[in-house]
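Please work through each task before reading its solution.

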Amino acid sequence: MLRHLVLRSGSALRPRPHPAPRPRPRTGFFGRNTSAAAAMPEINTQDLDEKQVQLLAEMCILIDQDDKRIGADTKKNCHLNENISKGLLHRAFSVFIFNTEGRLLLQQRSDAKITFPGCFTNTCCSHPLSNPTEVEEKDAVGVRRAAQRRLKEEFGIPVQQVPPEEMKYLTRIHYKAQSDGIWGEHEIDYIIFMQKDVTLSPDPNEIKSHCYVTKEELKDLLKKADNNQVKITPWFKLIADTFLFTWWDNLHNLKKFINHEKIYRM
């Protein structure tokens with residue numbers, strides 16, 4: 001946890017825990033494979049959280065190595081290591097929201113999450129869906145709309161507080177990571193920044209705890225992760241180790257870091 005991070009006042013930083021999700025009836029995946037790109041491996045989902053299993057039926061956007069849209073497939077198929085090892089790649093985004101004091105909003109992923117449960121990460125990480133609203137590519141407006149949707153679904157942030165036109169799309173990273181022997185990630189991830197005070201009402205099925213951190217507090221968290229005292233998501237570590245602190249130092253001058261042509265291979 002973040003219990004030993006120190007605030008400027010010297011008091012301990014305490015993440016705000018959310019009530020644990022109530023036990024839910026277990027059920028298997030009910031969707032059908034609608035993609036010719038990957039076969040549907042037989043995976044037992046009976047021991048997984050029902051709500052998270054239902055989300056596996058969402059249709060993600062399949063892309064090639066250059067982020068060109070080539071089709072759609074279920075969230076389940078896109079996150080199975082068996083398919084990732086065959087090259088299945090999808091579009092994603094990572095949102096970083098800073099308050100007006102310049103602190104970064106972090107979340108700890110719920111233990112109900114199928115990939116990287118209990119890990120600390122940036123404000124919101126998810127996928128645009130294969131629908132007319134979120135596949136629109138000009139100025140990444142579809143991705144920014146998806147970010148607005150997920151900020152509402154995960155953190156309860158009113159949509160009017162996070163309009164897509166106020167989100168700054170910086171660049172993209174391409175990475176691959178295994179969560180366990182079955183599930184993983186293989187994404188081209190759009191990086192989105194926003195500085196604004198927002199209203200939070202997190203869904204405990206999505207978010208276990210949350211907190212705002214300073215740069216020094218985040219550095220302390222990263223050290224704890226290196227020492228296996230806490231867990232962080234692999235994409236958050238990659239971004240924090242390479243770009244985040246430079247971008248953070250330039251919150252009011254991000255234009256010089258915008259690069260929509262390059263995809264950073266990580």
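This is a predicted model: local features need pLDDT of at least 70, side-chain atom pairs count only at pLDDT 80 or more; totals for chains, interfaces and linings use all residues.

**Exercise 1.** Classify the ring pair of F243 and Y264, and state the accessibility class of F243 and of Y264.

*Solution.* Step 1: the ring centres of F243 and Y264 are 4.8 Å apart and the planes stand at 65 degrees; the pair is therefore edge-to-face, as the angle is over 60 degrees. Step 2: F243 is in helix α6 and Y264 in strand β11 (residues 263–265), 21 residues apart. Step 3: F243 has 16% relative accessibility and counts as buried, whereas Y264, at 23%, is partly exposed. Step 4: F243 and Y264 also belong to a cluster linked by ring pairs, which includes F236, F245 and W248.

**Exercise 2.** Determine how α5 and α6 are oriented to each other, and describe their contact.

*Solution.* Step 1: the axes of α5 (residues 215–226) and α6 (residues 234–249) come within 12 Å and cross at roughly 165 degrees. Step 2: the helices are therefore roughly antiparallel, since the angle is over 145 degrees. Step 3: the crossing of α5 and α6 is left-handed. Step 4: the contact residues include L218 and L222 of α5 and A240 and L244 of α6. Step 5: by class, the contact has 7 nonpolar, no polar and 5 charged residues.

Key. Residues are numbered from 1 along each chain as its sequence is written. Side-chain values use heavy atoms; hydrogens and water are left out. Axes are lines fitted to C-alpha atoms, for helices over the stretch in contact, and angles run from 0 to 180 degrees between N-to-C directions. Helices (H or I, at least four residues) and strands (E, at least two) are DSSP runs, numbered from the N terminus. Angles under 35 degrees count as roughly parallel, over 145 as roughly antiparallel, 65 to 115 as roughly perpendicular and the rest as oblique. A crossing is left-handed if the near helix is turned anticlockwise from the far one by less than a right angle, and right-handed if clockwise. Contact means heavy atoms within 4.5 Å. Ala, Val, Leu, Ile, Met, Phe, Trp, Tyr, Cys and Pro count as nonpolar, Asp, Glu, Lys and Arg as charged, and the others, Gly among them, as polar. Rings of Phe, Tyr and Trp (its six-membered ring) pair if their centres lie within 6.5 Å; planes under 30 degrees apart count as stacked, over 60 as edge-to-face and the rest as tilted. Buried means under 20% relative accessible area, exposed over 50%, partly exposed in between (1.4 Å probe, protein chains only).
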